Amino acid sequence: MRLLPWTGPGGKPCYLSTDDPDSLLSRLADDVEAAQLASAETVLAGARAVLHDNKSGESAVRFALTRAVESLGDVLRIAVSRGGDDR
C-alpha cells in the first residue's frame, strides 16, 4: 500500500494498492510529490529570507511560518509514503 500525497474527504489519508509503479495513479503521485518537494525548497528559501531580514513584520513571519508548516506536512507525508515512520 502506498500513501498518496493528498488526502480524501475530511482529511483522511488516501492509499494506492498496486504492484505497478508505472500505473497512471502511481505516476501522478510521483509528479505531485516532486512538485511538493520543489515547492518546499522555495518555501524554505523564502522563510530563511524573512527570518534573516530584521525589518520583516509579524504578518511576513506568520505567512512564512504558515507556508513552512504546510510544506513540512507534505514532506513528512512523502517520507512516510517512501518507507519512513508509519503514522
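Ser 81 is buried in this predicted model, with a relative accessible area of 17%. The residue belongs to helix H2. The side chain of Ser 81 makes a polar contact of 3.0 Å with the side chain of Glu 33. When neighbours within four places in sequence are left aside, Ser 81 is in contact with Leu 3 and Glu 33.

Glu 33 is itself buried, and its relative accessible area is 1%. Besides the polar contact with Ser 81, the side chain of Glu 33 takes part in a salt bridge with Arg 2, at a distance of 3.2 Å from N to O. Arg 2 has a relative accessibility of 17% and counts as buried. Buried here refers to a relative accessible area under 20%, so the value of 17% for Arg 2 falls within that class.

A salt bridge also forms between the side chains of Glu 33 and Arg 82, at 3.1 Å from N to O. Here too the pair links distant parts of the chain: Glu 33 is in helix H1, whereas Arg 82 is in the segment after helix H2 (58-81), and the two are 49 residues apart. Arg 82 has a relative accessibility of 57% and counts as exposed. The cut-off for exposed is over 50%, so Arg 82 is placed in that class.

A search of the whole structure gives 4 salt bridges. Another of them is made by the side chains of Glu 70 and Arg 67, at 2.7 Å from N to O. Both residues lie in helix H2, 3 residues apart, which is about one turn of the helix. Glu 70 is partly exposed, at 41% relative accessible area, and Arg 67 is also partly exposed, at 26%. Elsewhere, salt bridges with shared partners join Arg 2, Asp 30, Glu 33 and Arg 82 into one network.

The secondary structure of the protein chain consists of 2 helices and 2 strands. Along the sequence these elements follow the pattern β-β-α-α. The radius of gyration of the chain is 16 Å, well over the 12 Å that the globule rule gives for 87 residues, so the chain is more spread out than a compact globule. Along the principal axes, the C-alpha atoms fill a box of roughly 50 × 25 × 20 Å.

The strands E1 and E2 (residues 13-16) pair in the antiparallel sense over 3 bridges. Thr 7 has Pro 13 in E2 as its bridge partner. The two strands form a hairpin with 5 residues between them. Gly 10, in the turn of this hairpin, has a positive phi of about 75°.

Gly 46 lies in helix H1 and is partly exposed, with a relative accessible area of 31%. Gly 46 and Pro 13 are separated by 33 residues in sequence and by 28 Å in space, C-alpha to C-alpha. Glu 41 is also placed in helix H1, and is exposed, with a relative accessible area of 60%. Glu 41 and Ser 71 are 30 residues apart in sequence, and their C-alpha atoms are 8.8 Å apart in space.

For the chain as a whole, buried residues make up 24% of the 87 residues. The protein chain exposes about 6,300 Å², of which carbon and sulfur atoms supply 57%. Among contacts between residues at least 6 apart in sequence, 49% join residues at least 24 apart.

Note on methods
Residues are numbered from 1 along each chain as its sequence is written. This is a predicted model: local features need pLDDT of at least 70, side-chain atom pairs count only at pLDDT 80 or more; totals for chains, interfaces and linings use all residues. Side-chain values use heavy atoms; hydrogens and water are left out. Buried means under 20% relative accessible area, exposed over 50%, partly exposed in between (1.4 Å probe, protein chains only). Helices (H or I, at least four residues) and strands (E, at least two) are DSSP runs, numbered from the N terminus. Two strands pair if DSSP finds at least two bridges between them. The radius of gyration is taken over C-alpha atoms; the globule rule is 2.2 Å times the number of residues to the power 0.38. Contact means heavy atoms within 4.5 Å. Accessible areas come from the Shrake-Rupley method with a 1.4 Å probe; for residues, only the protein chains shown count as cover. A polar contact is a pair of N or O atoms within 3.5 Å; within protein, one must be able to donate a hydrogen and the other to accept it, and residues adjacent in sequence count only if both atoms are side-chain atoms.
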